[in-house]
Amino acid sequence: MTAPAPAPESAVARARDIAAAVPDPELPMLTLGDLGILRDVTAGDAGVVVWITPTYSGCPALREMSRDVVARLAAAGLGDVQVRTSLSPPWSTDWITPAGRRKLAAAGVAPPGPAPRRPAGPVPLTLTPAPVTVTCPACGSADTARTAAFGATACRDLYRCQACAEPFEHIKEL
Amino acid sequence: MGFDTAYEAITEESGDQRWAFGTGFADPLAGVDTSVPDGVAGADLAAYCLAIGDDALIMSQRLQEWLARAPELEEETALANIALDLLGQARLLLTRAGHADGSGRTEDDLAYGRGPDEFRNVRLAEVGDADFGGLMARLLVFSTWRLALLDRLRASADPVLAAIAAKGVQELTYHRDYAAQWLLRLALGTSYSRERMAAGLAAVAPLTADLFADSDLELRLSPEVAPRPAELRAEFDEVLATVLGRASLAWPDAPARPAPRGEHTRELGPLLDELQSVARAHPGATW
C-alpha cells in the first residue's frame, strides 16, 4: 500500500476558491470568504484541509458549513477533504471583507463598524450604550435608533431608521 | 454538490433525519490539536474543564426556562442568545474534558449521562429565579465572575482552554453589560422594581462566596493552567461596586459558608430531570 500523497499546490488553490465561495447558511448573501471565517486551505497528508473559525461559541451553522465545503470540493473532484476547526485567534467582525460589507448593505443589513479595542487591564464595563453611529442601509441616513440589542442570530441587533422609518438589522461589532 | 439555501442543506438526503441545522451534533473540536501539554495532568485538566463547562451548561438551561415567559419579546431574544453562547462554551469545554482525561467521553455522554452528584457546577448556576429582577442579579454575578475567570484563562498553558476562553470573553462582555444595564433600569425605576432588584441581590449574595473559595481542583493544577479562585475577587468586587454605586444599592451583607463544587441545592435534580429527559427516554437518539 502506498501512502496517500499530499494535495498538489494547484489543487489547494482550486479548493481555496471553492471553499471561499460557499454561502453562509444564516447570512446567505455572504460567502465564507466574505465573512472571514475561512482561515486557511492547506495540503494535508491525505488531501486538502480546510480551516474554519466559529463566529460564536454556540454557532449552529458551523456543521452545515463543513458539510457544504466537503460536498462542493468532492463534486469538484478534489477527493478527500478534511474540515478542521481553528479556534485561535477568535473571529472578529473586523475580518468581514470590504466585499462582504458591500453585500450586507445591498441586502439591507447594516455592516459592522470597527470592533471595540481592548484596553489594557480588566474588560471595561459599559453601563450606558454608546451613541448610535449606524447608517440606514435603505436611505443612507445617519438618524437611526437601536430597537433591540439582540436579534434573530447571535451576530445581529435591530435598528430603525428615523428618516425613512425602515426597520433593519445590523451586524454587531465583535 | 453545494447548497444554495439553508433549506436545501437540511433537507438533503443524508439519512440522518435531521429537521433543522445544528441538531446533528458533531465534535465541536474536530481537527483541533487536543493533545495535553507536557507537565499538565490530563485528569486534572479534564476535571477543571468539566467544572467550568458544567457552570455554563447549567446556567444555560436555567436561562432557557425563561423562553416563552420573559416580560418582553426583546428580553426573550436576549436570554436565548445568552443561553446559546453559554451552551456553545459548555459543548467545547465538556468535549475538551472527554479528550483530556483519555476517556473519550463525548459532550453528550457528559451532559446526559451523569447524575446530580457528578455535576461540578457552582450552586449559583443551578438555582431558579423568583422573578426577572432575581435573574438579572444572578446573571450579573455569574457573568462578572465568569468574565474575570475566562479573561485570565486566555493565557492558560492549555492552548485549547485558552482558545475557548478567548471566544468566551467576547460573549461574556455583552452578557455582563446586559445584566448590569437591567439592574440599573430596575433599581432606578419604580419603588417596586427597586425592591424586587434588591430582593434579587439578597437571594444571590449568600451563593457568591462559593465562587472565590480555593478548592483541590485549582490547587492540583499549576497557576499557569488556571487561576486560583480568590484571585478573581478584587475585579469582581470592583465591577459590582461600580454598578451598585450607580444604582445606589448596597451589596447585601450575607456571611455564608462557601460550598465546594459538587455540593448542590435541591434544585439541581429537577433541572437535570428535564435536561436529560429526552436522552433518557430515547438513548442514543439523534434528530
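The model is predicted.

Start with one of those residues, A165(A). Its place is the loop between β6 (156–161) and β7 (167–171) of chain A. A165(A) is not a glycine, yet its phi is positive, at about 70°. Most residues other than glycine have a negative phi. Is A165(A) buried or exposed? There are 10 other C-beta atoms within 10 Å of A165(A), so this residue is exposed.

S248(B) sits in the loop between α10 (233–247) and α11 (268–281) of chain B. Its phi is positive too, about 50°, although S248(B) is not a glycine. S248(B) has 10 C-beta neighbours inside 10 Å and therefore counts as exposed.

Back in chain A, the backbone has another feature to check. The peptide bond from S88(A) to P89(A) is cis, with omega near -5°. Most peptide bonds are trans. P89(A) belongs to the loop between β3 and α4 (98–106) of chain A.

Now take chain A as a whole. Four helices and seven strands make up its list of elements. Read from the N terminus, their order is α-α-β-β-α-β-α-β-β-β-β. Along the principal axes, the C-alpha atoms fill a box of roughly 70 × 40 × 25 Å. Chain A has 174 residues, and 40% of them are buried. Consider next the contacts in chain A with a separation of 6 or more. Of these, 57% come from residues 24 or more positions apart.

Chain A is divided into two domains. Domain 1 spans 9–85, while domain 2 is made of 95–119 + 128–171. Their C-alpha centres lie 27 Å apart. Ten residues from domain 1 of chain A and eleven residues from domain 2 of chain A form the contact between them. On the domain 1 side, five of the residues are nonpolar, three polar and two charged.

Two packed helices are described by the angle between their axes and the distance between the axes. Helix α1 (residues 9–20) and helix α3 (residues 62–75) of chain A have axes that come within 9 Å. The axes cross at roughly 135°. Angles over 145 degrees would count as roughly antiparallel, and 65 to 115 as roughly perpendicular. α1(A) and α3(A) are therefore oblique to each other. The crossing of α1(A) past α3(A) is right-handed.

Which residues of α1(A) and α3(A) meet? From α1(A) come A15(A), I18(A) and A19(A). From α3(A) come V69(A), R72(A) and L73(A). By class, this contact has five nonpolar residues, no polar ones and one charged.

The contact takes 35 residues from chain A and 47 residues from chain B. On the chain A side, α3 and β3 (81–85) each supply at least two residues. α3(A) gives the most to that side, with seven residues. The side of chain A that touches chain B has 22 nonpolar, seven polar and six charged residues.

How values were computed: Residues numbered from 1 in each chain as written. Chains lettered and ligands numbered in written order. Predicted model: local features only at pLDDT ≥ 70, side-chain atom pairs only at ≥ 80, totals over all residues. Axes fitted to C-alpha atoms, helices over the stretch in contact; angles between N-to-C directions. Parallel < 35°, antiparallel > 145°, perpendicular 65-115°, else oblique. Left-handed = near helix turned anticlockwise from the far one by under 90°. Contact = placed C-beta atoms within 7 Å. Nonpolar A, V, L, I, M, F, W, Y, C, P; charged D, E, K, R; others polar. Domains from an automatic or database assignment. Buried ≥ 20, exposed ≤ 12 C-beta atoms within 10 Å, placed from the backbone.
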